[in-house]
Each structure stands twice: as C-alpha cells, then as structure tokens.
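Please look at the model below. The text that follows takes up some aromatic side chains and then the interface between the chains.

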Amino acid sequence: MEEPFFFETDGVRLFAMAHRPTNAGAGVPGVVICHPYGEEKQLSDPVLVRCARLLARDGFPVLRFDCRGYGDSQGDLEDATIGTQIADTFAAARMAREVLQVERIVFLGLRFGASVAVRAAERDADGAGLVLWCPIVKGSHYVDEMIRKRLFADMFDKRTPSRERILEEFARQGRMEIEGQFLTRRMADEMSGMDLPTEVANFRNPVFLSAIRTRAAAYTPYESLARAYEALGAPCTFEIGGERPFWERSAMYHMYVPQDLLTLTRRWMRTHWQGS
Amino acid sequence: MDANALARVVRGPAEERPLYVDHHGEKLFGILHEPEKRHDDVALLFSSSGLQNRVGPHRMYVQAARRFSQLGLTALRLDLPGVGDSVERELAGDFDHHDPASVVDAIEFLIANHDVRRVVLVGLCSGARVAIKAAARHPRVDAVIAWSMPIISGAVDMPVAEGGGAYMGRTMARAQLREWAPKLANPAAWYRYLRSEKTLTEGWDMMRRALSGLLPEPLRQKSSRQTDFLSSLDSYVASGRKMLCVYGGDDDMVRTEFGERYPEIAAHRSSTCDYLLVPNGDHTYTRVAASEEVIARTSDWLARHYLG
C-alpha cells in the first residue's frame, strides 16, 4: 500500500511516499531512499520508484522523500546544502520510524544521495545498514563532472565552451547553471570537500556497495570506500550491477531499468534481514 | 499511523495535496494545487511528458503549477499510467505511448470533485500530444497549452507501431537525408554501421520513412497512432477552442514541422490559436531563462483569457 503525505521539518514542507508491505516481517528495518542531486533525481525517479515497490513486495517498509528544493517539496535547489540534505534525511528517517513503525533504518542512496546516506549513517546510532548505488566518493571529481556537463551543453547550444569563462561566471554570480537548475558556489565547495573513505569512522553495520559496469579502473574509488568500511569491521559487499547510467538525459526517452542491480540489492536485503 | 505521527504529518497546506484519480479501477497519482482564493470554475491539468513524472523536466511543472495557482487557478499535476507513482505499465517509448483515456478520467475527476466546469490541459512534448487527443474527446476542455508539441511521430529510428513507421514532414525528411547523404558514399560509415547492432533491413526502413516524408502529405507513410494524433489536432484547431503553442527557438526541427503544417498559426493569423517562440529555448527549455519565460508568458496568456 502506498501513502503519500507532506511533513514539516525546520519550517520546510517536504513530500514523502510511504510504501507499506502487505506482509512485513517482524523486526525488519525500514528503508529510506536518498535521491541523487539535481536533475539526476528526476531522471532516475522511475528506477527508484520501481526499487521501492519491489522492496515493499519483499516485505520491507520503504519511505521515499524529496529533500527541500526537489520534486514536490518546498524550496528551490539553490536552497539546498549538504547540511540541509542530511538534516532532511534525518527527518525522513524519523518519519519512517513513526509512519512505518520500524525501529531501525537502512539508507539506500544513489550517486550523491548515497554520499548523503554515508554521512547520515555516521550519525545514526540505529542505522541497520547502507545500500550505496554508485556513490560520489570524491566530491571534487563530481564538481568537475558537472562543469564538463555544462561545457558540453554550451557546445551543443553553439556557445563557445570555455572552462575559464564558466569558472569566472561561477565566482562572480555565486552559482552555475547546470541542466536547468543552479549549482551554488556553497554547495560546490561543500561537495569538493567530500572524500568518503576518510570520513567513515562510526558505521559498522552491513554495507552494500555497487557500481555500474564500466572500465575496471573506474571501480577504484568504490573499492577504497569498501576497504574503509571493512577496516572498521563493517561487512561490505561490492557488486557490479547495471549496464549504463540511468540518471542521465537518455533516461528522458528510453526506459532503462537495471534489473540486475535491483536483483542484487533485494537479495542482499533478504539475506541480512529475512534469512533468505 | 498513530496519533504522534499524525501530529507531525502535515496534511499539506491548503495549496498543495496529494491525491489519486481512478482510471478503470487503477490509481493515478497527482498533486493538486488549490489556491487560497480560487478564481472561477477553471482548472489546469498537467499531463506527463515522456517518461518524466508530474514534476516535469528540471521541475518545470512544479514551478508552473505554483505560479498559476498564485493567479487563483486550481492545477493538478498528474502521473499518467506507467509514470511516477501511478499504476505500473510498460510504455512503448514513442511520442504516443500515453493513453488519452487516462487524461479524460482526470478531467471527469476534476469536474465531479472540485467544482470545475472548464479544464485547460497543459503538456510538454508527448504530454502535449496526449492533451490534444484528450481535448478532441472531451467538450469541457476549454484550452490546450502545448509546449514543444511534436507534429512528427518521432525520430526515424523511434519505435514503430504496427501498420507504419515513424512519420515525418518534409522539413525533417530533407534534414535527415542531408545528414545521411555524405555517409552513403563513405565506406568508413558503412563499416561502422555494419559493425553496429543495426541490420540492413532496419537501415532501409529508416531510409524509406525519410523518403516518404518527401511525398505529398496524403501519400506519406503513417502509423495509426500518427493518424489519430493528426486528426485530433486538426479537429481541435477546427473546433475554435483556444490553444497556446509554445516552441523553443533552438528546437528547430520540431517548431519547423509545426509551422509547415499550421502556417496560419505560426504566422499569428489564427483567431483562437496563439503561437509563442521562446529564444534560447531547446525542446525542454533547459536554460533557466527559457523555462522562466515559458512560464511567465503562459501565465500572462492564462490571465488574459481567464482572469480578465
């Protein structure tokens, strides 16, 4: 059963969708889904909805929500910082505990949402587990990736692409237009300071980490994050799932659902909390 | 939910709340924007664009609905079947995969439950196409706001319905053939093509569709979905009901195709259908200035027609 609702946190109204299983197992954790940044959220939404529904069918209560500045929630993307996204995630976790009547939470995040989930889990003593789909491990690389997207868009729009001009605009205006929304200088600076393997210190519960199929060398950041968790004693499962990014513009016209990634995630969840 | 949870769960302010619309026993999800001071008996209904949910590309539907509700207009942003939080359904992935019957049910829902007598349908791209088809089927649709509505049925390699291929007009056909011409005489291009997953039969089908675009309109190959759309659009335009067509200045092919078929509208010579060109606008008005202009000028159009 699905129940949409709005809830308030920090004076801001956020949208959420609760997915209640018809047969919830005793003691299973609830899952809070942490969405990616910017337009990636909108483009990956079909997969995240599918994931929530499948997990609910498996017996896991799930809460999806929109951080401030996203989706149906209040505010604009420029209002968002890493701090607000973490705060909104904690608020969603509190709502999940109350609305879904669970005690423990698994944070499931995609891309930047997975990075937020990592930081949230560091502070959540009742965090049962983490599912990290293609997390942004090093924030400075992600900011570079966004600048490259902007360069490509400028080229496509027949504007002379220039990294120097973009950075100058960024410094002058305090924000940069990416895929129809504004990345603020503050958010970019916060992202650039993110280096997840050096940040994990407290979380010792099971972690599922995945990357889409690509060149082997591209897995290095994920492997370093996995090692950081394992050094803490957190059992970490690293899997390759999905053939291509399902959070990019091609998703507007072509529905691609990474079935193998969904299967691997569900199997991991069932193994840890349903004994199957 | 227990009482403590309810205390913190906000029903939604008077302005925005979630709801479900029944569609043949299945549920369609939407967010209703109800203004504090509602003006008249008109409501807007946003139809899904492609595979995108009720939020729209870069939140354009959210921004627009909030803007329009500030004018005093009720607005419902709806997830059509197969999209967002509505019932799951496999979609064909073409411009006509949305079922106008679902939009008609939402129109009936607004009329039955929200004191609405006139509905304005809003859609971007394939959302505009399904809006037109629904408008042709329901007399209470007072206006259609069509953002980047494609007249052709899709790119030459988009999914093909039974009975015919992707339909294109003369402008698109010429552009497609101009793009291919250098490659036809290039052995390297042939090598790349043969190494791709595409077959020679598929290549010939694409060529045939493009060539048919050069034929006179009645002789062009059309799938039934394209025939249905064009007849709906022709009958809607002939009905004398209002329409606002918005195109991006950088969305060359799509706006040119529209102008080719409806030159009177594109030349601002229609008494009921308005045409608006947004400079620097691509197909989904990705640039913030472009989407803001679309919303602002659509808002002005609504104010002129419904708040005057």
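Is B:F46 buried or exposed? The model is a predicted one, and in it B:F46 has a relative accessible area of 0%. Buried means under 20%, so B:F46 counts as buried. B:F68 is likewise buried, with a relative accessible area of 0%.

Over all chains, the rule gives 21 aromatic pairs. One of them joins B:F46 and B:F68, which are stacked, with 6.2 Å from centre to centre and 20 degrees between the planes. Because B:F46 belongs to strand β4 (residues 42–47) of chain B and B:F68 to helix α2 of chain B, the pair ties together parts that lie 22 residues apart in sequence. For B:F258 and B:Y262, the ring centres are 5.4 Å apart and the planes stand at 35 degrees, so this pair is tilted. Both B:F258 and B:Y262 are buried.

Ring pairs also link residues of both chains: A:F6, A:F15, B:Y20 and B:F29 form a cluster.

As for the interface, 40 residues of chain B are in contact with 47 residues of chain A. The two chains bury about 3600 Å² between them, and 46% of this is on carbon and sulfur atoms. The rule finds 21 residue pairs in polar contact across the interface of chain B and chain A. On the chain B side, the elements that give two or more residues are α1 (3–8), β1 (9–10), β2 (16–23), β3 (26–33) and α2 (60–70). Of these, β2(B) gives the most, with 4 residues. By type, the chain B side divides into 14 nonpolar, 13 polar and 13 charged residues.

Salt bridges across the interface number 6. In a salt bridge between B:R77 and A:D72, the side chains meet at 2.7 Å, N to O.

Technical notes: Residues are numbered from 1 along each chain as its sequence is written. Chains are lettered from A and ligands numbered from 1 in the order in which they are written. This is a predicted model: local features need pLDDT of at least 70, side-chain atom pairs count only at pLDDT 80 or more; totals for chains, interfaces and linings use all residues. Side-chain values use heavy atoms; hydrogens and water are left out. Contact means heavy atoms within 4.5 Å. Buried area is the accessible area (1.4 Å probe) that two parts lose on being put together, summed over both. A salt bridge is a side-chain nitrogen of Lys or Arg within 4 Å of a carboxyl oxygen of Asp or Glu. A polar contact is a pair of N or O atoms within 3.5 Å; within protein, one must be able to donate a hydrogen and the other to accept it, and residues adjacent in sequence count only if both atoms are side-chain atoms. Ala, Val, Leu, Ile, Met, Phe, Trp, Tyr, Cys and Pro count as nonpolar, Asp, Glu, Lys and Arg as charged, and the others, Gly among them, as polar. Rings of Phe, Tyr and Trp (its six-membered ring) pair if their centres lie within 6.5 Å; planes under 30 degrees apart count as stacked, over 60 as edge-to-face and the rest as tilted. Buried means under 20% relative accessible area, exposed over 50%, partly exposed in between (1.4 Å probe, protein chains only).
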